[in-house]
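Colleague: I would like to go through this model with you. Could you take my questions one at a time?

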Amino acid sequence: MFTDRLGETNEELTLIQVERAARDEQRKHLNDRLQRIEASIAGIQRLGWWVLATFSASAVALISNFLFRGGFHVP
């Protein structure tokens, strides 16, 4: 009877250890995946800043060209 309970306890401990190891692997995989997603988002944000800078530079060039050519002055 005592050996039966000891065997059951050992099985329960083994199951707990397996579940803990599985949880640790899931956390590790999730952490790696989240880091890759964060890196992708950072890359998209950098691209957005370049697009904004390009658009702003084009707008400044367009306005400057308009002003240098006389603006709304019609000869």
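This is a predicted model: local features need pLDDT of at least 70, side-chain atom pairs count only at pLDDT 80 or more; totals for chains, interfaces and linings use all residues.

Colleague: Where is Glu12 placed?

Modeller: Glu12 lies in helix 1. On the surface, Glu12 gathers with Asp4, Glu8 and Glu11 in a patch of negative charge.

Colleague: And how many positive and negative side chains does the chain have?

Modeller: There are 9 positive and 9 negative side chains. The centres of these two sets lie 19 Å apart.

Colleague: How many salt bridges does a search of the whole structure find?

Modeller: The search finds 1 salt bridge. Side chains of opposite charge can pair when their charged atoms come close. Here the side chains of Arg27 and Asp24 meet, at 3.7 Å from N to O.

Colleague: Why are Arg27 and Asp24 separated by about one helical turn?

Modeller: Arg27 and Asp24 are 3 residues apart in helix 1, so about one helical turn separates them.

Colleague: Is Arg27 buried or exposed? And what is the relative accessible area of Asp24?

Modeller: Arg27 counts as exposed because its relative accessibility is 54%, above the 50% cut-off. Asp24 has a relative accessible area of 40%, so Asp24 is partly exposed.

Colleague: Let us change topic. How many helices and strands are there in the chain?

Modeller: The chain has 1 helix and 0 strands. Helix 1 covers residues 2-68.

Colleague: What radius of gyration does the chain have?

Modeller: The chain has a radius of gyration of 32 Å, whereas a compact globule of 75 residues would have one near 11 Å. Along the principal axes, the C-alpha atoms fill a box of roughly 110 × 15 × 5 Å.

Colleague: What percentage of the residues count as buried?

Modeller: Of the 75 residues, 0% count as buried. The accessible surface of the chain comes to about 7,400 Å², and carbon and sulfur atoms account for 64% of that surface.

Colleague: Which residues make the nonpolar surface patch?

Modeller: Leu30, Leu34, Ile37 and Ile41 make a nonpolar surface patch of about 340 Å². Ile41, one of these residues, is placed in helix 1.

Colleague: Why does Ile41 count as partly exposed?

Modeller: Ile41 counts as partly exposed because its relative accessibility is 45%, and that class lies between the 20% and 50% cut-offs.

Conventions:
Residues are numbered from 1 along each chain as its sequence is written. Side-chain values use heavy atoms; hydrogens and water are left out. Patches are made of residues with over 30% relative accessible area and no salt bridge: like charges are joined within 9 Å, nonpolar side chains (Val, Leu, Ile, Met, Phe, Trp, Tyr) within 5 Å. Accessible areas come from the Shrake-Rupley method with a 1.4 Å probe; for residues, only the protein chains shown count as cover. A salt bridge is a side-chain nitrogen of Lys or Arg within 4 Å of a carboxyl oxygen of Asp or Glu. Helices (H or I, at least four residues) and strands (E, at least two) are DSSP runs, numbered from the N terminus. Buried means under 20% relative accessible area, exposed over 50%, partly exposed in between (1.4 Å probe, protein chains only). The radius of gyration is taken over C-alpha atoms; the globule rule is 2.2 Å times the number of residues to the power 0.38. Lys and Arg count as positive and Asp and Glu as negative; His and the chain ends are not counted. The place of a charge is taken as NZ of Lys, CZ of Arg, CG of Asp or CD of Glu.
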